[in-house]
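Subject: Handover of a structure for your review

Dear colleague,

Please find below the structure that I am handing over to you. I would be grateful if you could read the notes after it with the coordinates open.

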Amino acid sequence: MKTIEDLEVSGKRVFVRADLNVPLSGDTITDDGRIRAVAPTIAKLVERGARVVVASHLGRPKGEPDPKFSLAPVAVRLGEILGRPVGFATDTVGDSAKATVAALGDGEVTLLENLRFNAGETAKDDAERGAFADQLAALADLYVGDGFGAVHRKHASVYDLPARLPHAVGDLIATEVGVLKRLTEDVARPYVVVLGGSKVSDKVGVIENLLGKADRILIGGGMMYTFIAAQGHGVGGSLLQEDQIPVVQDYLKRGAEQGVEFVIPLDTAVSGSFPDVKTGAPVEDFAVVDVDAIPDGALGLDIGPKTAQLFAEKIADAKTVFWNGPMGVFEHPAFADGTRAVAQALIDSDAFTVVGGGDSAAAVRTLGFDETKFGHISTGGGASLEYLEGKTLPGLAALED
Ligand code: ADP
Ligand code: MG
């Protein structure tokens with residue numbers, strides 16, 4: 001793989017595929033971590049006189065323009081972080097993009113509008129994706145892949161475009177892959193993996209691969225209720241993936257055979273309804289119950305205090321910790337304690353700690369933790385998990401020479 005140092009960039013149009021998929025509330029960016037993470041790559045290209053064309057997706061628009069998912073606020077924030085003006089094209093490959101790119105001088109930066117405003121970006125059909133990649137390729141001379149959070153996607157800007165231009169790997173992806181290697185090769189033990197979040201089916205898959213690698217797997221977040229159900233308990237109205245129960249039972253059995261310890265919650269915080277995360281309005285019927293006593297209709301929204309303490313103990317002596325997925329609905333203060341406890345346990349351990357996942361990374365920052373206290377905060381959730389699963393990531397394969 002070439003790095004950006006291997007490219008002659010001066011005076012050239014350099015397409016930087018970034019992952020600027022930041023959480024937004026209206027048009028306010030609630031966590032700018034992903035923008036800050038890719039800024040050094042862009043700054044380096046600027047310094048070397050490149051004409052930098054930055055592109056990203058944001059959210060899941062349906063292949064056509066949707067103002068809710070505009071990258072316009074991101075262009076402003078990127079400019080503040082870089083300390084220089086950042087242009088903005090109001091389309092991705094149309095007249096605005098062409099004109100904006102043509103007007104770029106050496107050392108100038110512009111951001112294109114959301115890649116997913118075009119159906120070709122995510123199309124399953126190779127020809128449709130390829131046609132969109134051709135349009136993107138016309139806007140640049142060189143390609144730098146630095147959108148780590150998207151490298152597991154076989155999308156036009158991630159997979160097809162680098163095949164059409166001389167390409168290199170950006171500094172962010174290079175760093176992220178270096179960290180993931182430390183989680184897969186010669187891992188320092190005990191190796192503890194903490195899994196949570198809401199995408200149960202996405203994350204159950206990674207356990208398969210971790211069975212042969214991790215010493216302990218701690219289960220929180222939405223996934224925990226499938227494990228609790230697999231132990232024969234009712235979970236009320238909590239997130240549950242019924243079809244995964246046999247899969248989870250098989251994991252528990254194989255874990256016991258292979259000496260991998262699954263740590264399943266003892267208690268959970270519940271409420272009769274999903275909390276209002278926008279206003280943070282108090283939760284009238286907040287309760288903590290043991291996992292074998294979740295009332296009918298109650299929603300499990302965080303691990304309970306007994307579990308938080310148990311998890312902290314299971315993390316304390318670790319030498320390596322990988323954490324993906326918040327322990328609860330941390331966006332509401334009533335259900336942030338579990339996530340806070342796990343973050344604190346990572347900081348208190350002497351382990352090499354890695355936090356992966358967009359929401360997990362946002363959680364540690366919005367809960368006020370000092371980022372530098374963690375070994376690494378990854379910008380990729382799904383991408384990290386698929387790497388750990390041992391899968392070939394299309395966006396990394398495409399950056400090979
Ligand atoms: P990441 O982005 O870190 O990979 P996910 O996207 O999988 O994490 O999940 C993050 C989301 O999971 C958060 O918005 C959080 O509110 C939600 N979540 C955590 N626990 C629960 C739960 N018990 N029920 C519903 N949602 C949950
Ligand atoms: Mg997420």
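Predicted model: local features only at pLDDT ≥ 70, side-chain atom pairs only at ≥ 80, totals over all residues.

Ligand site

The shell around ligand 1 consists of 20 residues, of which Ser 198, Lys 203, Glu 331, Asp 359 and Ser 360 come nearest. Sorted by class, the shell has eleven polar, five nonpolar and four charged residues.

Lys 203 places a polar side-chain atom 2.7 Å from an oxygen atom of ligand 1. For Gly 300, a polar backbone atom is 3.1 Å from a nitrogen atom of ligand 1. In the side chain of Ser 360, an N or O atom lies 2.5 Å from an oxygen atom of the ligand. On its own, ligand 1 has 570 Å² of accessible area, and the protein covers 90% of this.

Which elements give two or more residues to the shell around ligand 1? They are strand S14 (299–303) and helix H13 (358–366). Helix H13 provides the largest share, with three residues.

Helices with a buried side

Lys 203, already mentioned for its contact with an oxygen atom of ligand 1, also belongs to the buried set of helix H8 (residues 200–210).

Helix H7 (residues 171–182) has twelve residues, and the distance from its first C-alpha to its last is 17 Å, close to the 16 Å expected at 1.5 Å a residue. Its buried residues are Leu 172, Ile 173, Glu 176, Val 177, Val 179 and Leu 180. They lie on the same side of H7, since the arc they cover around the axis is only 160 degrees.

Helix H12 (residues 337–348) also has twelve residues; its end C-alpha atoms are 16 Å apart, which agrees with the 16 Å that it should span at 1.5 Å a residue. Here Gly 338, Thr 339, Val 342, Ala 343, Ala 345 and Leu 346 are buried. Their arc around the axis is only 160 degrees, so they are on the same side of H12.

The spacing in these lists can be read against a general rule: an α-helix has 3.6 residues a turn, so residues three or four places apart point the same way.

Individual residues

Is Asn 118 buried or exposed? Asn 118 counts as buried, because its relative accessibility is 18%, which is under the 20% cut-off. Asn 118 sits in the loop between strand S6 (109–111) and helix H4 (119–122), and its side chain makes a polar contact of 3.0 Å with that of Thr 92.

Ala 119 lies in helix H4. With 38% relative accessibility, Ala 119 counts as partly exposed. From Ala 119 to Val 283, the separation is 164 residues in sequence and 41 Å in space, C-alpha to C-alpha.

Pro 305 is part of helix H11 (residues 305–316). Pro 305 counts as exposed, because its relative accessibility is 54% and the cut-off for this class is over 50%. Pro 305 and Pro 265 are 40 residues apart along the chain, and their C-alpha atoms are separated by 9.8 Å.

Yours sincerely

Notes: Residues numbered from 1 in each chain as written. Chains lettered and ligands numbered in written order. Heavy atoms only, no water. Helix = DSSP H or I, 4+ residues; strand = E, 2+ residues; numbered from the N terminus. Expected span 1.5 Å × (residues − 1). Buried < 20%, exposed > 50% of the residue type's maximum accessible area, 1.4 Å probe, protein only. Arc of directions from axis to C-beta. Near = heavy atom within 4 Å. Polar contact = N/O pair within 3.5 Å; in protein donor to acceptor, adjacent residues only side chain to side chain. Areas by Shrake-Rupley, 256 points an atom, 1.4 Å probe, with all protein chains shown as cover. Nonpolar A, V, L, I, M, F, W, Y, C, P; charged D, E, K, R; others polar.
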